[in-house]
Amino acid sequence: MTEAAAEEAAQERATAAPRPERTPVLDWVAVGVAAVIVVAAITGLLPEVSW
Amino acid sequence: MTTDTVAPAASGNDLAARAAALIPGLLLLAAIGYAGKLAETGVKQLAESTGWSLPNIEYVLWAILLGLIITNTVGVHRIFRPGIATYEFWLKLGIVLLGARFLLGDVLKLGGVSLALVVIELFVAIGVVVLIGRWFKLGPKLISLLAIGSSICGVSAITAGKGAIDADDEDASFAIAAILALGAFGLFAYPAIAHLIGMSTHEFGLWAGLAVDNTAEATAAGALYSDEAAKVAVLAKSTRNATIGFVVLGFALFWAARGQARAVGSRTRFLWAKFPKFVLGFLAVSVLATAGLIAKADLTSLGNLSRWAFLLTFAGVGLSTDFRAIRRQGLRPFAVGALAEVTVTVVTLGLVVAASAWIGL
């Protein structure tokens, strides 16, 4: 099997297997990081962020 | 004793290795997102300096298109995949911080309207998918997953539903592929339809939030229309996401009663476990902003941080949409999803137009 075919097969396997349920953990991590940022904003420690 | 002293070091190394594995993909997300932003500015400047009439293409579309082109032509090397998968984290962080740009009164008004429309949308989407799925002779659990995915929030809902109703991995893959492909289509089609019929930003945001299944794609569809439409789309979609526990619980009870899924146990605990916690974060930030606890300049900075987080999300949406993988999943589940989406699209459009006429949006 060539490297390209092996890569293709690995990709197909990855597509066929749905991701594990990581949503609840991810939610809490996002809320935790956001909480740190918001606390920094309330205490005046957040640097100015432009767009 | 040796094991005791070695184990923490090993897990620390493991954590460091996992964090390091995120870096290439994160850099790719940042590069594509920023390239999208530069492309928007560059085209605008070119139009101004030359007087040419060039289309104003938003950074959102550039970021998604660049990601799509890379994934579907040269492909994405596996070294980038862990970092690209973080786009869901950036989406949720962006949504929580977006709370800073909402007054609680607006959240309650728009959220209330959204909730009423979401309830109708849920019944329509589930009913249509079940009917069409039976007509296409799909497996009953695949029908359940497609119904969960198209009625609530796409991939997260299907993943949650898969565990709750003990569905096969293959069925979950079919349902996820169909929902993502349809979302990618909606991303481009919905703003075009809205421009054609002249929808307001609030109307379009509400429609995108009700009709586009994947949260990242709903946010992107809104942002393609306007910044304000993206805000409303996120709010409407978050309201829809908040119902995930009730819908998955309904399906779990249905399959458990037939002895084809585990018993549910405590329903309250089930609902809390499935509830998207980032919605609570969004509400908490909105409360703090409304209470005046955050200075105006800092509110602007939080809003801008939210935009940067969404920028990474949009790059991730493009990079994660592989049309070749979708084609491999087969046509029947896709056809069922597509027919259901068309129905949901028409029904939700009607609901939004009616709500706008009756109560104003």
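Guide: Helices (H or I, at least four residues) and strands (E, at least two) are DSSP runs, numbered from the N terminus. B:L280 lies in one of them, helix 14 (residues 277-290) of chain B. This is a predicted model, in which local features need pLDDT of at least 70, side-chain atom pairs count only at pLDDT 80 or more, and totals for chains, interfaces and linings use all residues. Residues are numbered from 1 along each chain as its sequence is written.

Visitor: Why is B:L280 called partly exposed?

Guide: Buried means under 20% relative accessible area, exposed over 50%, and partly exposed in between (1.4 Å probe, protein chains only). B:L280 has a relative accessible area of 36% and is therefore partly exposed.

Visitor: How do you know that there are cavities of 30 Å³ or more, and how many are there?

Guide: On a 1 Å grid over the protein atoms alone, a cavity is a set of points where a 1.4 Å probe fits but cannot get out; lining residues have an atom within 4 Å of a point. A volume is the space filled by probe spheres set on the points, which are joined across faces, edges and corners. By this rule there are 2 cavities of 30 Å³ or more.

Visitor: What lines the second largest cavity?

Guide: Its lining residues include B:Y87, B:L180, B:N214 and B:E217. Helix 10 (215-225) and helix 15 of chain B each give two or more residues to this lining.

Conventions
Chains lettered and ligands numbered in written order. Heavy atoms only, no water. 1 Å grid on protein atoms, 1.4 Å probe; cavity = no way out; pocket = protein on both sides within 12 Å on 5 of 7 lines; lining within 4 Å.
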